[in-house]
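Please open the model in your viewer and keep the selection tool at hand. The stops below say what to select next and what is there.

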Amino acid sequence: MLSAEMNERLTRVGPGTPCGELMRRYWVPFAAASQLDDNPVRPVRLLGEDLVLYKTTKGGYGLIGNRCLHRLVDLQYGIPDEEGLRCPYHGWLYDGKGDCIERPMEAVPRAKFPRKTPAYPVQELGGMLFTYMGPLPAPALPRWDLYVWPNAIRQIAFNTLNCNWLQCQENTGDPTHSVWTHGHFFKYVLERDGKFDERAASDKHTLRNRIKWGDGIKEIIAQPTQYGFEKGIVYAKELGAEQDHIHRHATVMFPFYTNTGSPGAPRSEYQIRVPIDDTHTLHICYQVYAAPPGVKAPEQNSVPWYEPPTHDANGKPIFDYVLAQDAFVWWAQGDIVDRSKESLGRTDIPIILLRKQLDEQIGRVEKGLDPMNVWRDKSPDVIFGAGEPPHGWTGDPATFNPPKVGQDYRRMYHKGFAIDDADRYGPMLDQIKDLHRKIEESGLAVAPQKKVEGQLVVSE
Ligand code: FES
Ligand SMILES: [Fe+2]
């Protein structure tokens, strides 16, 4: 458990709060570039600030305060111009630095206006838009591997969740929740809806594996890595596991990423927990389906986005796919969980590490230092979240032959398994199925892995 003070320190994200100041040291992903295709102006709430994102008629991006300095009309209804965004009321024009550069019908139309509106820089990478809301100069935009990986299909899922960001991120430090949330609970839901036989007949169905992950747990491991931490479960045959082995789970990248899959894999994902404000989170799944050398992924001119539903038309929560199950347990903890009332156990060891790391990095910012995962001059060409390149890395994604991977359910979407995760709603689903089929036919995938004693198994 945490003291009430520490809970405040780790969760609040508004300007001037300890965690809010930490968050303002990072380039924060907050929208897909394709979200401006239909309407080039979009309201954005981020770290407790109300902003407006726009694309100029020349193609530049701006992110500025949402209130016109004249008489405070909401600029989400503004008119994009060559140089910025105009208020719809009297046409005042704001550039991407927050300067009001034109006031039509005023005595000196182009004189510089002394007041500024908040404004933050925007950069695009891999179809994602990022902003930096901290003290200038801004650091470099990090080139995390999934944003720059070539020969891949991409799509981005967005959800707004009614809870604090840390609840979502703590789930990343929770390797055992899978057994119940995505195992027993999934089974219960399918049985209750009369869909178990139709959906989970295959012995490869994810819920069957996840239930097995609960057998023979000897200990939970968690250790810091260069960019975050890793965690997993040690299994013992003598306690009921099939054999002794270590099951490593998704990598955590500080401060708000988790990374499932592996570089070059047929399905990898960043789950990003972006604080909208203290009690709302923008949950982003940045999904990448990479083709190995020898297989060609279709070209994409832009990266499409979607919003996987978490509730049905009657307002009832949807529970029958993995991301919706996660989202449900996050908001079901309340808007900001009161950690002074919790009762932690041995399965929470990685969560304790996550909180300690967060507290330490907030402390660095308080001392005027950069926190981890800030690159001042230039980002490396590609950064592997796990802290080290994958086995067999050649230095160039185009020639890197990823290790053959077992065909778990997320690599067999062509066999019907896409229905078990948010991907079932994705705009690229048909192309992804086609790609998975080609990967299997090319012999680059292997049959489901057989574990051997002492083997390290990495999964999501
Ligand atoms: S209120 Fe915006 S220009 Fe008048
Ligand atoms: Fe989960």
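Begin with the second largest cavity, whose lining by class comprises 14 nonpolar, one polar and one charged residues, where Ala, Val, Leu, Ile, Met, Phe, Trp, Tyr, Cys and Pro count as nonpolar, Asp, Glu, Lys and Arg as charged, and the others, Gly among them, as polar. This is a predicted model, in which local features need pLDDT of at least 70, side-chain atom pairs count only at pLDDT 80 or more, and totals for chains, interfaces and linings use all residues. Residues are numbered from 1 along each chain as its sequence is written, chains are lettered from A and ligands numbered from 1 in the order in which they are written, and side-chain values use heavy atoms, with hydrogens and water left out.

To centre the view on this cavity, whose volume is about 110 Å³, select Tyr26, Trp27, Pro142, Trp144 and Asn373, the closest to its centre of the 16 residues that line it. A cavity here is a set of points on a 1 Å grid over the protein atoms alone where a 1.4 Å probe fits but cannot get out, and lining residues have an atom within 4 Å of a point. By this rule there are four cavities of 30 Å³ or more.

Because His177 lies in helix α5 (residues 177–192) and Asp326 in helix α8 (residues 322–331), the pair ties together parts that are 149 residues apart in sequence; helices are DSSP runs of H or I with at least four residues, and strands are runs of E with at least two.

Both of these residues are buried (under 20% relative accessible area, 1.4 Å probe, protein chains only), His177 at 15% and Asp326 at 5%.

Finally, select α8, where eight of the ten residues are buried, among them Val322, Leu323, Phe328 and Trp330. What covers these buried residues includes β12 (152–161), α4 (165–172), α5, α7 (206–212), β18 (268–277) and β19 (280–290).

Conventions
Buried < 20%, exposed > 50% of the residue type's maximum accessible area, 1.4 Å probe, protein only. Contact = heavy atoms within 4.5 Å. 1 Å grid on protein atoms, 1.4 Å probe; cavity = no way out; pocket = protein on both sides within 12 Å on 5 of 7 lines; lining within 4 Å. Points joined across faces, edges and corners; volume = space filled by probe spheres on them.
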